Amino acid sequence: MARFDSRVAIVTGGGSGIGEGISKALAAEGAKVVVTDIKIEAAQRVVDEIVAAGGTAAAFSANTGIAEDSEKTVKFAQDTYGALHLAVNNAGIGAPAANIGDYEVAAWDRVVNVDLNGVFYGLRSQLPAIVAAGGGAVVNMSSVLGSVGIAQNAAYVASKHALIGLTKVAALEYSAQGVRTNAVGPGFIDTPLVRSSLSPEALTGLEAQHATGRLGTDAEVAALTLFLLSDDASFITGSYHLVDGGYSAH
Ligand SMILES: NC(=O)c1ccc[n+]([C@@H]2O[C@H](COP(=O)([O-])OP(=O)(O)OC[C@H]3O[C@@H](n4cnc5c(N)ncnc54)[C@H](O)[C@@H]3O)[C@@H](O)[C@H]2O)c1
């Protein structure tokens, strides 16, 4: 019996990077996975690879920054697989670097809408559905930048801090009904989001800021996320867990 046999999961932003790694890891351990993404072709590629490897998954086009899309995603999971037990609110975006005085209001709104509002919209739809299914667990993808700051990244840092508070409230409201909610804080992970925003020199400098001397992998974030979603973590809720290669150990 695999850890997630007969469990139904939603992974938002599952078409790339960390979400792709988590979707594949959940499916490899028996979960039926709804892989959502704003880019449906990216979600479908991940689903095709899961199915080719013998797993069960379905792609769903959804923008986490739209509340109705989160409701539709939960309904799709229930209609397709009969229930919802697990959710990973992973979709996230960055914005061009700027000091606060020069920070575009539109960029702030765009980032906060996906990185914070999107997690709220997700939880709002997912938590009652998971209670109705008899319980389960949720992981919200924060960042090491949920506990430390970085210059020129105000909207992202503020959103990743705020969703740790949101995680605590979700845990206080729903843990007694059988739904644990935790936040994960990755250090810098080698994904398209990071590679596309850094020069080779900046990448080398970033590696050195981790005690490990390297960036993390999506598999390393998936390992922690799956632990928190599993029954092995049955007394863990409302907390924030780093997987940051020692970035914040300074
Ligand atoms: N890569 C890192 O170093 C790192 C570190 C800490 C935290 N994180 C967080 O992990 C999460 C995943 O990051 P990643 O590096 O894998 O990014 P990524 O860009 O590789 O993948 C993100 C996926 O989310 C999708 N997406 C973007 N906006 C969306 C929306 N509104 N609705 C639905 N899907 C949307 C994208 O199309 C993409 O497929 C993000 O929340 C990010 O902030 C990443």
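Good morning, colleagues. The model is a predicted one, in which local features need pLDDT of at least 70, side-chain atom pairs count only at pLDDT 80 or more, and totals for chains, interfaces and linings use all residues. Residues are numbered from 1 along each chain as its sequence is written, and side-chain values use heavy atoms, with hydrogens and water left out.

Where does the ligand sit? The ligand is found in the largest pocket; to sit there, more than half of its atoms must lie within 2 Å of the pocket's grid points. On a 1 Å grid over the protein atoms alone, a pocket is an open set of points with protein on both sides within 12 Å along at least five of seven lines, whereas a cavity is a set of points where a 1.4 Å probe fits but cannot get out; lining residues have an atom within 4 Å of a point.

The largest pocket holds about 1,400 Å³ of space, a volume being the space filled by probe spheres set on grid points that are joined across faces, edges and corners. Its lining has 48 residues, and Gly-92, Ile-93, Gly-94, Leu-193 and Val-194 are the closest to its centre. Helix 1, helix 5, helix 6 and helix 7 (200-208) each give two or more residues to that lining; helices here are DSSP runs (H or I, at least four residues), numbered from the N terminus. By class, the pocket lining has 25 nonpolar, 20 polar and three charged residues. In this scheme Ala, Val, Leu, Ile, Met, Phe, Trp, Tyr, Cys and Pro count as nonpolar, Asp, Glu, Lys and Arg as charged, and the others, Gly among them, as polar.

Next, the shell around the ligand. It has 29 residues, the closest being Asp-37, Asn-90, Tyr-156, Ile-189 and Thr-191, where a residue counts if one of its heavy atoms lies within 4 Å of the ligand. Helix 6 (192-195) is among the helices that supply at least two residues, and helix 6 gives the most, with three. The shell divides into 14 nonpolar, twelve polar and three charged residues.

Which side chains have a polar atom 2.6 Å from an oxygen atom of the ligand? Asp-37 has one, and so does Tyr-156. For Ser-16, a side-chain N or O atom is 2.7 Å from a ligand oxygen. Taken alone, the ligand exposes 820 Å², of which the protein buries 94%; these areas come from the Shrake-Rupley method with a 1.4 Å probe.

The structure holds two cavities of 30 Å³ or more. The largest has a volume of about 80 Å³, and of its 13 lining residues, Thr-12, Ser-70, Thr-73, Gly-122 and Gln-126 are the closest to its centre. Helix 3 (67-81) and helix 4 (105-132) each supply at least two residues of this lining, which has three nonpolar, ten polar and no charged residues.

The second largest cavity has a volume of about 30 Å³. Its lining includes Thr-12, Asn-89 and Asn-90, and helix 4 gives the most, with three residues. Thank you for your attention.

Terms used:
A polar contact is a pair of N or O atoms within 3.5 Å; within protein, one must be able to donate a hydrogen and the other to accept it, and residues adjacent in sequence count only if both atoms are side-chain atoms.
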